[in-house]
Each structure stands twice: as C-alpha cells, then as structure tokens.
Amino acid sequence: MSTPEVAIVGIGMHPFGRTPERSGQEQGVYAVRKALADAGIEWKDVQFAFGGSAAAGAADTMVSKLGLTGLQFINVANGCATGGSALFSAYNTIASGAYDLGIAIGYDKHERGAFRVNTKAGGLGDWYGKNGLALTTQFFGMKINRYMQQHDISHSSLAKVSAKAFRNAEHNENAWRRQPIPEEQILESDMLSYPLTKFMFCSPAEGGVALLLARADKAHKYTDTPIYLNAAAVRSRRWGSFEVMSPWIAIDDGVGPTVDASKAAFEIAGMGPEDIDLAQLQDTEAGAEIMHLAENGFCEHGEQERMMQQGETEIGGRFPVNTDGGCLANGEPVGASGLRQVYENVLQLRGQAGKRQVPNDPKVAYTHVYGAPGISGVTILSR
Amino acid sequence: MGTQVPIQEGLFTWPSEDPRLIGSECNQCGAVLFPAQSGCPKCASDDTKHRELGKRGSLWTWTIQGFPPKAPPYAGDLENFEPFGVGYIELPGEVKVEARLTTADKDALKIGMEMDLQFLPLYVDDDGNEVITFAFSPAQEQ
Ligand SMILES: [Zn+2]
C-alpha cells in the first residue's frame, strides 16, 4: 500500500430529495458550512475550492454567501462525474504541494421527470432527439438487457438491488426515499425501459455535499479521525466501449471507462479488490450496480446472480454495497452524487454511520461514479 | 398536402431507389462510424470518407421505450403515445447502429435475430411535411 498524501478532514451534506424552499446553491452553501463545522475551521481558512453543479448555476458564485476571501475557486462541469472530478482536482492540488487545505463542493437541483438531454451540448444531431433516442434510460435498459442474457442474471436480482437500496436508506436521515418497497412491488411497477421498472431507476433530485481536504501530515490539526484518500482516478471512454447517448458503437467490443478508472485507482493505491471492505457503486438503475460490481473487479461476470440471491451485498453481508441507499434511494443531483458516495464512506470508516454501520470496523472503502458520455471516477479511502 | 422530407439531410440516402444509412470509413484504419463524421476516434486520423452502410444486421441489444419522451427534443406523436422499441443493430464488419425498432413486443425481440433497414414516417412538421426516419424491423425470414 502506498502512503496517502491527502486526507478528508471535514464533511458536510444537505439532505437529498426535494427542498422547495432552498435553491441548489443554498443547498451547496449549507453543505459547506456543515463541513467547516465538522473540521472546526472557518471559511477564511480554506485556501482553494473546486465546485460544480449541472443544473443549478456556477459554483463560484457561492462566495457571495460564504465570504469574499479571495480564494482560488474553480468551477467543474463533468456530467455525472462532476463531484468526482471536483474531488479529483482537489486531491491533485494538495498532492502537488500547491496548497494545504481545500474543499470539493457539488450540488444540484433538477426539474422533475427523466433528464432532458441537450443533444447539441452532447455533440449529437437534432435527429437523435427527434427520433426519441436521447434518453439515458434507454441505454441502461439496453446494457443490462444484453448483460442479463450473456451472464444469466434474473429479474429477481434486479429487484433485490432496489429493495436493498430503500431498506438501507430507511436508516439514512439524508436520503430521499426511505420507505422500504417489497420486491414484488418493484417488479410489478411500470416498465419504463425493459427490463427496468420504475422502482429500478433513480430520479433526478436535489442536494449538496462538501468535503474538506488537507495534506495528510497536517490532518490531525483538524480532526481526530482523518480519512485518507489513497487514490482518485477519472477516465473517459476508449474505442469499443458501450456508452450512454451513442448513435453508434464500434464493431469491436472493448471495456468501458469504469474498468480503466478502477485499474488506475487500484494501481495508485497499491491495493486490489480484495483489500476493499465496502463500496458505493454508481446505481443509476438496479442493473448498473450489478454490472459495476464486475467492472470494478469485485467479482467475475455472472457471479452477481449468486451474490444478490444470497444477500452478499447487504450491510451485514460479505461485501456491503451502497450502504446509504445509493442513487436509487437518494436520487441523483448530478453535481453532488459522486461526493455523496465519499461522504458515506467517510462516515462508515469513522464508525459514525449509526444504524447502517457496516460491522467489523471497516478500514478501506471504494467509490465509483459513471456518467455521460462515458466517464468514470473512482476513489479509494482508508483510515 | 405536404411532401415527404428526411429527418436530417446527410443521414441516409432515402429517397434513392435502394436507400442506405450514410456512415464514414477511416482511410487509415478502416473504422466505420455512423453518422458520417470527420476524424477517426479509433486511430485519431482525419482521413475519412463517406460509406453507405449495409441494410441487414443482427439485433445486438434492445429495450422498449415505455413512457413518452420529453418534447423537445422528441418530435413524435405524444397525444397517442405508444411504447416503441429501440435497439443496436450490428451491421456485419461495419458498426453497431442505434435505431428505433418497428416492434415494441418484447416477445418478438431476441438478441441475435436478423433485422432489416426500413424508412418510415415519424411525424408531420410545422410546414405540413411528413418527416421520414430510419428504423429496423425483424427480417421476414429468420
Ligand atoms: Zn482510423
């Protein structure tokens, strides 16, 4: 294991879901204040910031509420990996030696219903959207449909992923959908994009997360329980990968950016999948969690059927996944989603996750985000 | 009475006699893409030419769009919305192309089945023209 250079010394979160009385930016500011309080510092102590939202304005405007301290503030926009990219950038800024203490911020506020895709911004012709092809939900349906046939994954396993998410969220006061839903009801809800039903999809939502990062050798100045960032890696797609919003896919089959980001993160950390005690994996829909288990190296393709049926990814199971309810129960405020995963892992590694605490003192935790047009971000945290 | 127009110029050769999708092919590495574009994402060369794609392929994967898409960007009929199939068709040796399917019956769709290119009306535009798009349908003989 390589020696980590960066630690997370403060975390803050605005509850996910719908908060009509607060703008997206206000939710971000709320999260920042929580993180400052957690580390026992003030905004003026923060030397730099990376922040982003996809639909709730430019993050650097937050300084008008937080304080005009003149800090270096850089906006980040990277689709579903916006939060992950803010964290990655903050991590590198500290690892480079440029600064000692900084913050990564993500927040968002989306309109109701499925994401409205801007085909122009995505580099796609108008015909694509007019045709009814510009829906992220279709990609998820098509990817898991093929995967289920190739690797013998059942509809029941999809339902188990969703049921677990809502069950875990019941004990998470920051989650959006906290009502457990029986598997039968999940399977029988509206079929949105075969084989995925309404309760197998996450929804666009609102929320904010802020994480304070410091040089590892100075972390104890701010907290008794620093959580070290052993690795943060972001990768984009290569030839042959199958990605969301693609009018075409290469004739050659290749691996996606998740496989690449995961390998890179393990290499940076000097660890392997066997070292990880729990993981937060992008679960835009139930099938994604299943496929991402294998793409991140935590099992062979097809093994997930047994893992789901035997409850191995439950909080008390062999390898707990999405302990806070994941995207399925938290919804997806695009800018904040990746940072929520890290927030949850910090709680778990500190032993502060309450009723959803993973037993046996977990020491190493993993996060993974995936987004359009084919990007993945991975972090590895340890205490 | 309006006339029939393609959903986008340059996407396919309809109304030619034997209409095809227009992709591009890299002169350096042979990679095929759809729609046609300059620049090759496989080998990074900018030396590409247009290529008319095959009209039969196999169903690589599929789903069924079960709810009305947001409009815009969707231009199809929302008042009488009916679920529609969407899939990737693997054109042998060329590229996998995403398209609407002419069936939305999950029992009629099977990965690996043969599919044929079709051209059909999708909606009527503001000028009263019938807008033609491409889709794939299960081949008659499987
Ligand atoms: Zn090429």
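Two residues are in contact when heavy atoms of theirs lie within 4.5 Å. Among contacts in chain A between residues at least 6 apart in sequence, 75% join residues at least 24 apart. This is a predicted model, in which local features need pLDDT of at least 70 and side-chain atom pairs count only at pLDDT 80 or more, while totals for chains, interfaces and linings use all residues. Residues are numbered from 1 along each chain as its sequence is written, chains are lettered from A and ligands numbered from 1 in the order in which they are written, and side-chain values use heavy atoms, with hydrogens and water left out.

**Chain A as a whole**

Begin by selecting chain A, which has 12 helices and 12 strands. Here helices (H or I, at least four residues) and strands (E, at least two) are DSSP runs, numbered from the N terminus. Along the principal axes, the C-alpha atoms of chain A fill a box of roughly 55 × 50 × 40 Å.

Of the 383 residues of chain A, 63% count as buried. Buried means under 20% relative accessible area, exposed over 50%, and partly exposed in between (1.4 Å probe, protein chains only).

**Glu206(A)**

Next, select Glu206(A) in strand 7 (residues 206–215) of chain A. Is this residue buried or exposed? Glu206(A) is buried, because its relative accessible area is 5%. Its side chain is joined to that of Lys109(A) by a polar contact of 3.1 Å. A polar contact is a pair of N or O atoms within 3.5 Å; within protein, one must be able to donate a hydrogen and the other to accept it, and residues adjacent in sequence count only if both atoms are side-chain atoms. Leaving aside neighbours within four places in sequence, the residues in contact with Glu206(A) include Phe16(A), Arg18(A), Arg22(A), His110(A) and Pro333(A).

Move to Ser85(A), which is found in helix 3 (residues 82–95) of chain A. Ser85(A) is buried, with a relative accessible area of 7%. Two polar neighbours may be displayed: the side chain of Asn78(A), in a polar contact of 2.9 Å with that of Ser85(A), and the backbone oxygen of Ala81(A), 2.7 Å from a polar atom of the Ser85(A) side chain.

Then select Phe140(A) in helix 5 (residues 136–151) of chain A. Phe140(A) counts as buried at 9% relative accessibility. Not counting residues up to four places away in sequence, Phe140(A) touches Leu196(A), Phe201(A), Thr284(A) and Glu285(A).

**Helix 9 of chain A**

From Glu285(A), continue to helix 9. How many of the 10 residues of helix 9 (residues 286–295) of chain A are buried? The count is 10 of the 10, so helix 9 is largely enclosed by the rest of the structure. At the start of helix 9, a side-chain oxygen of Glu285(A) reaches to within 2.6 Å of the backbone nitrogen of Gly287(A). Just after helix 9, Gly297(A) takes a positive phi of about 90°.

**The zinc ion**

Now turn to chain B and select the zinc ion. Which atoms coordinate the zinc ion? Its donors are Cys26(B) (SG), Cys29(B) (SG), Cys40(B) (SG) and Cys43(B) (SG), at 2.3 Å. Donors are N, O and S atoms within 2.8 Å of the metal (3.2 Å for Na, K and Ca); water is not among the atoms, so sites may look incomplete. The four donor atoms subtend angles of 105 to 114°, and the arrangement is therefore tetrahedral; for four donors, this term requires all angles to lie between 85 and 135 degrees. Along the chain, the donors follow the spacing C-x2-C-x10-C-x2-C. Cys40(B) counts as buried at 6% relative accessibility, whereas Cys43(B) counts as partly exposed at 35%.

**Backbone details**

Most residues other than glycine have a negative phi, and most peptide bonds are trans. Ala44(B), not a glycine, has a positive phi near 70°. Ala44(B) is placed in the loop between strand 3 (32–33) and strand 4 (48–52) of chain B. Finally, select the peptide bond from Trp14(B) to Pro15(B), which is cis with omega near 10°, and that from Pro72(B) to Pro73(B), which is cis with omega near 15°.

Key. Tetrahedral: all angles 85-135°; square planar, octahedral: opposite > 155°, others 65-115°.
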